[in-house]
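Colleague: I am new to this structure and would like to learn how to read it step by step. Could we begin with the overall fold and then turn to a single residue?

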Amino acid sequence: MIMSAYELNNFIFMAARLPQILVNYKAKNTGQLSLITAFMSTAGCLARIFTSVQEGAGLSMVRGFCIGGVLNLTIVLQILWYAKNTREQATLQAKKRE
């Protein structure tokens, strides 16, 4: 039962992150996503992986944190990769408001 809950959590996490990654990819910018927040989420997943392995947690738990880490890292890399496009888009939107 507990393992099923962890697997469900993995599905929910992917359902939350994958659409954001796809939208970023299609738009070629990341809008108002925060690099600091995305980085902290990635670092948190890495810390959880480390502590879970050290404490002998179950494979489902470690796998979930690995999935989360990869998806969060993907968003961090998108923020860095699309930074120029995001700034240009923000400048255009600011000029439209004037």
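**Reading the fold, then one residue**

Modeller: This is a predicted model, and its secondary structure comes to four helices and zero strands, which, read along the sequence, gives the pattern α-α-α-α.

Colleague: What radius of gyration does the protein have, and what would a compact globule of 98 residues have?

Modeller: A compact globule of 98 residues would come out near 13 Å, but the protein has 17 Å. Along the principal axes, its C-alpha atoms fill a box of roughly 55 × 25 × 20 Å.

Colleague: How much of the protein is buried?

Modeller: A residue is called buried when its relative accessible area is under 20%, and such residues make up 23% of the 98 in the protein. The accessible surface comes to about 7,100 Å², with 68% of that belonging to carbon and sulfur atoms.

Colleague: Which side chains make polar contacts with the side chain of Asn24?

Modeller: The side chain of Asn24 makes a polar contact with that of Gln20 at 2.8 Å, and another with the side chain of Gln78 at 2.9 Å. Leaving aside residues up to four places away in sequence, Asn24 touches Asn29, Thr30, Leu33, Gln78 and Tyr82.

Key
Residues are numbered from 1 along each chain as its sequence is written. This is a predicted model: local features need pLDDT of at least 70, side-chain atom pairs count only at pLDDT 80 or more; totals for chains, interfaces and linings use all residues. Side-chain values use heavy atoms; hydrogens and water are left out. Helices (H or I, at least four residues) and strands (E, at least two) are DSSP runs, numbered from the N terminus. The radius of gyration is taken over C-alpha atoms; the globule rule is 2.2 Å times the number of residues to the power 0.38. Buried means under 20% relative accessible area, exposed over 50%, partly exposed in between (1.4 Å probe, protein chains only). Accessible areas come from the Shrake-Rupley method with a 1.4 Å probe; for residues, only the protein chains shown count as cover. A polar contact is a pair of N or O atoms within 3.5 Å; within protein, one must be able to donate a hydrogen and the other to accept it, and residues adjacent in sequence count only if both atoms are side-chain atoms. Contact means heavy atoms within 4.5 Å.
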